[in-house]
Amino acid sequence: MTSDIEQATELVAAAGQITVFTGAGISTDSGIPDFRGPNGLWTRDPSAQRLVDFDSYRSDRLIREQSWRRRATHPAFAAPPNSGHRCLVELRDRGQLRAVLTQNIDGLHQAAGLSPDEVLELHGTLHESECLGCGERRPIGEALDRVRVGVADPPCLSCGGVLKSATIFFGQQLDGAVFERAAEAAVNCDLFLAIGSSLRVQPAAGLVGLAARTGVPIVLLNAEPTPYDELAAVVIQAPIGTALPAIIGTRGGGAQAMDGPGFVG
Ligand code: NAD
């Protein structure tokens with residue numbers, strides 16, 4: 001009998017263009033905790049969810065101060081990409097990567113070697129700040145430097161407005177142009193490969209359903225079941241660090257595991 005991994009390997013080998021969808025699970029081997037996995041931030045501390053609620057952040061200075069303290073030590077700023085990220089670079093180098101649609105805010109796909117054009121960041125990036133007043137975006141290091149010298153809730157340097165990371169909080173709209181490009185990549189490909197996501201955050205997870213309804217075969221790789229498992233041609237419940245190199249047919253440049261504290265954008 002053919003195993004799930006063998007079936008997925010055959011689908012990947014036969015596909016011309018593959019659209020890859022990633023979630024926090026692809027970065028746990030880099031030392032960045034996910035939200036909903038067994039060691040996830042929200043599994044361990046459900047109250048941490050309020051730190052990514054847009055209305056709370058906008059209206060409550062204490063929430064913003066807590067958020068900035070956490071951002072200042074976020075593991076994403078020091079985490080290296082791991083074998084999972086490198087597998088996707090290999091797919092690109094073979095000419096098989098249509099696009100990476102990521103929910104992640106850590107920038108590790110680009111750190112592994114994908115170009116910004118190849119990565120659609122559905123939930124924004126932790127590496128920039130944005131002002132809720134004038135909309136200005138800057139490298140987030142400037143605000144973090146002020147936090148480190150004691151400015152607990154650094155205001156916008158241009159207009160004095162409230163600053164946050166340029167990530168999408170619950171209650172905020174996704175960037176329409178980015179989502180449109182992601183939807184286009186989801187339906188115009190030979191295979192849709194979703195990696196390391198609980199597929200519980202909408203509208204991002206709906207891209208899996210969109211691809212499936214268009215007739216694109218779906219491969220799901222995640223440690224736990226997801227609400228989209230029944231739409232998939234193949235479901236693999238296994239660690240990404242071993243399963244993804246096997247599916248892609250590479251060693252992924254070697255796993256680099258790290259332990260680290262957890263954080264919310
Ligand atoms: P999630 O926490 O809801 O789900 C992650 C899934 O990955 C879980 O089901 C978990 O079991 C699985 N997983 C974790 N490590 C794995 C591994 N090594 N091998 C196989 N499976 C593994 O995350 P999500 O679906 O991405 O949605 C959460 C939201 O959290 C997203 O919007 C994202 O923006 C944000 N987030 C991002 C980061 C990051 O940028 N690295 C980290 C935490 C949360």
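In the predicted model, T19 is in contact with R98, A99, L101, A185, A186, C189, L191, F192 and L193, when neighbours within four places in sequence are left aside. This residue lies in strand β1. Its relative accessibility is 0%, and T19 therefore counts as buried.

I195 belongs to strand β7. With a relative accessible area of 0%, I195 is buried, because burial requires a value under 20%. Apart from neighbours within four places in sequence, the contacts of I195 are V20, F21, T22, G23, I26, L88, L221, I240 and L244.

For L244, the residues touched are I26, G84, C87, L88, L193, I195 and L221, with residues up to four places away in sequence not counted.

The packing of helices α1 and α10 was considered next. Two packed helices are described by the angle between their axes and the distance between the axes. The axes of helix α1 (residues 4–14) and helix α10 (residues 240–248) come within 8 Å of each other and cross at roughly 45°. The two helices are therefore oblique to each other. On the side of α1, the contact is made by I5, A8, T9 and V12, and on the side of α10 by A243, A246, I247 and I248. Of the residues in this contact, seven are nonpolar, one is polar and none is charged.

A pair of aromatic rings is described by the distance of the centres and the angle of the planes. Four aromatic pairs are present in the structure. In one of them, the ring centres of F35 and W42 are 4.0 Å apart and the planes meet at 15°; the pair is stacked because planes under 30 degrees apart count as such. F35 has a relative accessibility of 24% and so counts as partly exposed, whereas W42, at 6%, counts as buried. Together with F170, the residues F35 and W42 form one aromatic cluster.

Another pair, formed by Y57 and F169, has an edge-to-face arrangement, with 5.3 Å from centre to centre and 90° between the planes. This pair links distant parts of the chain, its members being 112 residues apart. Y57 lies in helix α3 (residues 54–59), and F169 lies in the loop between β6 (163–167) and α8 (176–187). Y57 is buried, with a relative accessible area of 0%. F169 is likewise buried, with a relative accessible area of 3%.

Technical notes
Residues numbered from 1 in each chain as written. Predicted model: local features only at pLDDT ≥ 70, side-chain atom pairs only at ≥ 80, totals over all residues. Heavy atoms only, no water. Axes fitted to C-alpha atoms, helices over the stretch in contact; angles between N-to-C directions. Helix = DSSP H or I, 4+ residues; strand = E, 2+ residues; numbered from the N terminus. Parallel < 35°, antiparallel > 145°, perpendicular 65-115°, else oblique. Contact = heavy atoms within 4.5 Å. Nonpolar A, V, L, I, M, F, W, Y, C, P; charged D, E, K, R; others polar. Phe/Tyr/Trp six-rings, centres within 6.5 Å; stacked < 30°, edge-to-face > 60°. Buried < 20%, exposed > 50% of the residue type's maximum accessible area, 1.4 Å probe, protein only.
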